[in-house]
Amino acid sequence: MNTESLRKVLQLEKQREYTNTAVFGGLDGFLRNWSAGAVQSVKTPRLLAKFQKLFKADYAAMTKEQRAVWTQDVLKFLDGMAGKADTVAAPSKNATPPSPRKKTPVKAVKKVAPSAGGQAVALDAPITVVKGMGPTMATKFGKLGVKTVRDLLYYFPHRHLDYSKLKHISQLVEGEEQTIVANVWQAQETRPGGRRSAEAIVGDETGNIRVVWFNQPYLARTLTTNARIILSGRVSLFRGRHVFLSPDWELMEGQDTVHTGRLVPVYPLTQGLRPRQVRRLMKEFIDRWAGRVTDFLPDKLRTRLKLLKLPEAIGQAHYPDSEETKNKARVRLAFDELFLLQLGVMNKKRNWQEGRPGSAFDIQTGLIEQFINSLPFTLTSAQDKVLKEILADLNKKVPMSRLLQGEVGSGKTVVATAALLTAAANGHQGAFMAPTEILAEQHFATICQLLSKLGKEEGEGYLRSYKGVLDNPVNVAMLIGDIKQKGKRQIQKQVQAGEVDIVIGTHALVQKGLEFSKLGLAVVDEQHRFGVEQRSALREKGFNPHMLVMTATPIPRTLALTLYGDLDLSVIDELPPGRQTVKTKWLKPEQRESAYAFVRKQVSEGRQAFILCPLIEESEAVAAQAAAVEYERLSQEVFTDLKVGLLHGRLASADKDAVMEEFRVGRLDVLVSTPVIEVGIDIPNATVMLIESADRFGLSQLHQFRGRVGRGQEQSYCMLLSENPSEVARQRLDIIENTHDGFKLAEEDLKLRGPGEFFGTRQSGLPDLRMAKMSDVAILELARNEAMKLFRLDPSMERAEHKPLAQEMARVWANAGEWS
């Protein structure tokens, strides 16, 4: 135990007259971290009890007199520890060196789990404090992200096998998981197919059955004649007779069953961890530790919602007494996760909006009307409603924090442009960040096109100017990685000098080297593609700018309110008039040639087609067409007389732009692409989307791809090819063929896949969801409502009954990091 750092801190605290200023942020955080590491060095129950009593103290809550007494007690304890025989002390300088005798093995000291008193220290202690958890096994668990006692408590099984219903041997049927209790009549080693194995004959009052364990010859010695045994597993038919093949087994010795005769947990494993070994360790661990967890939910809330107590829920989640208690445990643990998530995002919104005032913009209705009237189309009522919501936010001192959802082509960019113009009219700069260079360039082109209808355009390339819109010209710049260094530096200087009103770009906007003169509005497109740090960095570029986040991925309202609870929600749920429905057809593999014939027919009528493949390189692991290989095949064997192009994410930016430009101006007939075309690409002349290995994509992704066509006047088509879809994939393909509403598709997608896959990658910075599923709409809404009630009642969680909850919040959100 390294006590030196703690001694120094306590001596300094003493000098400062116990003002809790010896370390930044106060002593409690330092003490928690120090004691979590030091607890391993305490080897006896008596010392451990004293250690826990001292280090569970809440230093911040003590009076100065109490702090002085506590500090003296800790220093005395540390002095005593150094001289105790039950800890290993370093020899003094004058000590006589030991004579070189033969080494006597030292008896290992039994590890003792900390008592409930030292719970905070204990749960954050490394898993090596757990009985049976040596360094080698701890390393294996570490690969699964399990490093502390708390991690191990929340290392839940991903499913349970129901071995609880016992049968007699005469009742066994082929192919089902079943459990029997029987006597071992004989056991011997055998070599079926040359493999050393064990075989036994077991029986009960209704008959006998043969049991074979492949590659486990030692069982022939373990299973003695007349031993009483529980067997659980699948029964097979061999030469007309029932046989158990490699079932789980356990001797009936009166102990609690771990592997059989119950709902048996199936844990996620890694190389070197065996199911039986992990189950036995977890059973002993949960029995010993689950009861020591403090329940952080207020008693009144838990009782009113009829939720299990937390220790019981953890125990039942691992080793449930029944299907019913397993479900109750999941509800309690899922509620905890969603409740803490909701409280966290609500707290973030409050801190963001109340912590630092924003700039209230003067809304110039004349300018907005002039802009709307200059458009070559009329705003839909949904666009109009959303624009009013955004302008009302911009008019407040509280900085806007809004999520704008809208299908591809619903007109989000027009609404964002009106907001950016408002910022410019108020002497503020606007930043528009897109996830890819292709999208950034397209937004730049769209915004410039919209402004050119309003004022006279000057300039070219990456910097344009519009006169006659405001008193001063409105300057618009684009900043992407592809711009040459000299041009980039020039734009950066102009942005810093306040000479650029609207800057559009990729993550280049948040990198060092770009400083804004007066950033007032930040627009982030395709929210879920940005990391937390990038969004926060853009926000920090200005003094509390208004923030508008946009996404074309339809997110069900419940999910949006959970994941983006710190944002207000606006939805453009209506497409502009004249937008057609894309006819969608799921084709069988034998219809591939007719699909190609259809593409050829459309091209002969002057149209263009996308052919989409999921991967860039061939992969034996995934039966999907790789774009590079498919491009070669299609251009050399199928469409030899057509002009075929290739677009994928690994092309250099300039090459991507060149290919897109070729396709946009009609010099390419067919574009073979990876999912880089998912968002933002606008080719009105493209009428066919042919998706290879469509079973590899989720509904929301397929809907995004489909939205790439149907943007012009001609009827458009989406064809889905799939070689051998799974049952779930078949459901998806059926749904996408018959449903065109993005929000309905998103709901279905959630039911089929859950939130992690729904977004493609897990949201960085979000606290882990181990039990909750985003399809748990009822639990989700309950958690949200309860969080809102509590937040209205005690937003700072200062009441005594909310203190454990406040501590859990601090722990969960400290680990999750800043989110959004």
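Analyst: Let's begin with a definition: helices (H or I, at least four residues) and strands (E, at least two) are DSSP runs, numbered from the N terminus. Please keep in mind that this is a predicted model, in which local features need pLDDT of at least 70 and side-chain atom pairs count only at pLDDT 80 or more, while totals for chains, interfaces and linings use all residues. Residues are numbered from 1 along each chain as its sequence is written, and side-chain values use heavy atoms, leaving out hydrogens and water.

The pair to look at is arginine 332 and aspartate 336, both in helix H12, which covers residues 323-355. Because these two residues are four apart in the helix, about one helical turn separates them. Here is the general idea: an α-helix has 3.6 residues a turn, so residues three or four places apart point the same way. The side chains of arginine 332 and aspartate 336 meet in a salt bridge, with 2.8 Å from N to O. A salt bridge here is a side-chain nitrogen of Lys or Arg within 4 Å of a carboxyl oxygen of Asp or Glu. By this rule the model has 33 salt bridges.

Is our pair buried or exposed? Both arginine 332 and aspartate 336 are buried; that word stands for under 20% relative accessible area, with exposed meaning over 50% and partly exposed lying in between (1.4 Å probe, protein chains only).

Two other salt bridges give you something to compare. Lysine 167 pairs with glutamate 176, their closest N and O atoms being 4.0 Å apart. Lysine 167 is partly exposed at 28% relative accessible area, and glutamate 176 is partly exposed too, at 40%. Arginine 667 pairs with glutamate 662, and here the closest N and O atoms are 2.8 Å apart. Arginine 667 is partly exposed at 47%, as is glutamate 662 at 29%. Back at our pair, salt bridges with shared partners join Asp295, Asp299, Arg302, Arg332 and Asp336 into one network.

Now step back to the whole protein chain. It holds 28 helices and 23 strands, and buried residues make up 52% of its 820 residues. Counting a contact as heavy atoms within 4.5 Å, 71% of the contacts between residues at least 6 apart in sequence join residues at least 24 apart.

Just after H15, glycine 427 takes a positive phi of about 75°. Asparagine 226, which is not a glycine, also has a positive phi, near 75°. Asparagine 226 sits in the loop between helix H8 (219-222) and strand E5 (228-238) and counts as exposed at 54% relative accessibility.

Finally, how confident is the predictor? Its confidence in each residue, from 0 to 100, is called pLDDT. The mean pLDDT of the protein chain is 80, and 82% of its residues reach 70 or more. Over residues 85-118 the pLDDT is below 50, and this stretch has 31 contacts beyond near neighbours in sequence in the model.

Methods
pLDDT is the predictor's confidence in each residue, from 0 to 100.
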